Amino acid sequence: MKKLLKYGIGIVLLGAALYNSVYIKKLSSIRSASAKLDVNNYVDQLWKDRLPAKLDSAVDVSILKNALETGGSKAFDQYTNALAIGNYRYVLVKGTAIVDSVHEDDLLITIQSAQPFNATLQTEFVYGNTLRDASRLVDLAAFPNTSDLNSISEAMNERVRSQIASEWRPLLKPGVRFEFTGAIELNKEHLHFDTIEIIPVRIKISPDAGR
Amino acid sequence: MSGMSETTITYKQRIKSLQSLIALVVLCILLSVLTDKFFTTDNGLNILRQTAVNICVATGMTLVVLTAGIDLSVGSVLALCGAIAAGLLKNGWVFPSADLYIGFTIFGVLLAAIIAGGVLGWFNGFVITKFKVPPFVATLAMLTIARGLTMLYTKGQPISNLGAKFAFIGAGSFLGIPVPVWIALLVVLLAAFITKQTRLGRYIYAIGGNETAAKFSGINIPKVVIMVYALAGMMAAVGGIIVTSRLDSAQPNAGVSYELDAIAAVVIGGTSLSGGRGTVWGTVMGAIIIGVLNNGLVLLNVSPFWQQVVKGGVILLAVIIDKIGNKND
């Protein structure tokens, strides 16, 4: 009787462990979900249909700066996107800025706010996953492999280089005032707002271009 | 006169049992004087986080060394179990003919990795006891086998992007303390309980102290040895889970030479390589000493080449002290 009870408890525990360990799905449904990704088509749709709304709701960079500098961790959770446990956070920001100087690969700008501060507008070295992750449009768990995710980032970055930067860069001369919306990466533990690098996604030159 | 002599022996024994702790305190004081970056909360937590994996692996190694054995395969077992956890989490099990996909939860992959570690350790123990293969050779073979299996399983490529929930195990914090430290503490408490409070623990010391006497007193030596190697494999698997989670990636070459760090922690912690003498807590001290030493040498900008020389010197010193202690006993 004692042995029976022992085995009974053992089987129940084993069953509970198994139940909580695995889940079963149809392979065909998994495979159709992970069929080969047409990156250009995917990013096309994302760029046209879903990104504009995200850009419209981007946070004002001055408001973000104040919130993060005073609100700490809570403000980071409220405004920024974290991929995993780590210090890097991504967010779409908007604001108005004036071009200070134009360099080969980027522009040094001053962001207009009660307390103006400097930033860099990237036009050439647009790499990494900042834009993809700041947009919060790509569910990383939905992609079975890293290369698809990297391809999406690369396609988005390429659009910034070939469409946004190349179109607006000739017009952004020192002294020109413009509105921007773009993606930034921040380090939660080492927050340096004076050295942020903005990846521009939307640029609008103010009618009264110039200081 | 005899009372005085007994007091001296007890005093000496106490000092000896605390020698790792004393060494750690002296090292900490020295490093605090040499660099102001050392004695900070952040740096302390950083050392503990970095040491947690070695504590897990070295705790298992302590059980093995207490039986007068050695396990050189822990680094490779760690890599294989980490890869199994990552592979199952990422890809699950696929059965095309049955149109079936079995996915694994976080709990499932942890369980699978620990079971895999246990099986590999069990195999080590089985070979050692059944075929009388010296532990050094049997586990050396497993070192190569497990590394090869890791390469086969991962196809030589890292398995990455394991998700935030899994990353919490290696990179998260609970009550301000890194999760790996909590895990290492659980492993140590389990091993300390086994060695101090269970029959298995007494058998481990008995086998390491005198195998022949243990055999004649009716201890089932093969069973105990197999259990000990299985436990060491499971603890290496826990280390593998932490490493994989922390890197958010299972690296096929993870854990290379971890067995040496584990053995170093065991030896510095005062466990005798001849078996039968030592404690799990001593090993924890040994692992922390190595962690503090690594951290301190980096903070002092000591060249990585000299760091290796210093670490080797400390291990040598610990073995010599152990030998002298044995002689005097």
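Select A:Arg161 and A:Glu158 first: a salt bridge joins them, with the closest N and O atoms 3.0 Å apart. A salt bridge here is a side-chain nitrogen of Lys or Arg within 4 Å of a carboxyl oxygen of Asp or Glu. Side chains of opposite charge can pair when their charged atoms come close. Both residues belong to helix H6 of chain A, where they stand three residues apart, about one turn of the helix. Helices (H or I, at least four residues) and strands (E, at least two) are DSSP runs, numbered from the N terminus.

The model is predicted: local features need pLDDT of at least 70, side-chain atom pairs count only at pLDDT 80 or more, and totals for chains, interfaces and linings use all residues. Residues are numbered from 1 along each chain as its sequence is written, chains are lettered from A and ligands numbered from 1 in the order in which they are written, and side-chain values use heavy atoms, with hydrogens and water left out.

**Around A:Arg161**

Through shared partners, salt bridges join A:Glu154, A:Glu158 and A:Arg161 into one network. A:Glu158 is partly exposed at 36% relative accessibility, and A:Glu154 is partly exposed at 37%. Buried means under 20% relative accessible area, exposed over 50%, and partly exposed in between (1.4 Å probe, protein chains only).

**A second salt bridge in chain A**

Next, select A:Asp56 and A:Arg202. Their salt bridge has its closest N and O atoms 2.8 Å apart. A:Asp56 lies in helix H3 (residues 39-56) of chain A and A:Arg202 in strand S7 (residues 197-205) of chain A, so the pair ties together parts that are 146 residues apart in sequence. A:Asp56 is partly exposed at 47% relative accessibility, and A:Arg202 is partly exposed at 32%. Over all chains, the structure holds six salt bridges.

**Across chain A**

Now select A:Tyr7, in helix H1 (residues 2-19) of chain A. Is this residue buried or exposed? A:Tyr7 is exposed, with a relative accessible area of 54%.

**Where the chains meet**

Show chain A and chain B together. The contact takes 18 residues from chain A and 20 residues from chain B, where contact means heavy atoms within 4.5 Å. The size of an interface is often given as the accessible area lost when the parts come together. Buried area is the accessible area (1.4 Å probe) that two parts lose on being put together, summed over both. Between chain A and chain B this area is about 1600 Å², and carbon and sulfur atoms give 62% of it. How many salt bridges does the rule find across this interface? The rule finds zero salt bridges between chain A and chain B.

Colour strand S1 (22-26), helix H2 (27-33) and helix H6 (146-168) of chain A; each supplies at least two residues of the side that touches chain B. The largest share of that side, five residues, comes from S1(A).

**Two buried threonines of chain B**

Move to B:Thr139, found in helix H6 (residues 135-154) of chain B. B:Thr139 counts as buried, at 0% relative accessibility. The side chain of B:Thr139 reaches the backbone oxygen of B:Pro135 at 2.7 Å. Leaving aside residues up to four places away in sequence, B:Thr139 touches several residues, among them B:Ile70, B:Asn124 and B:Tyr229.

Then select B:Thr62, in helix H3 (residues 41-66) of chain B. B:Thr62 is buried, with a relative accessible area of 0%. Not counting residues up to four places away in sequence, B:Thr62 touches B:Val266, B:Thr271, B:Thr279, B:Val280 and B:Thr283.

**Last stop: B:Val33**

Finish with B:Val33, in helix H2 (residues 19-34) of chain B. B:Val33 is exposed, with a relative accessible area of 68%.

Conventions
A polar contact is a pair of N or O atoms within 3.5 Å; within protein, one must be able to donate a hydrogen and the other to accept it, and residues adjacent in sequence count only if both atoms are side-chain atoms.
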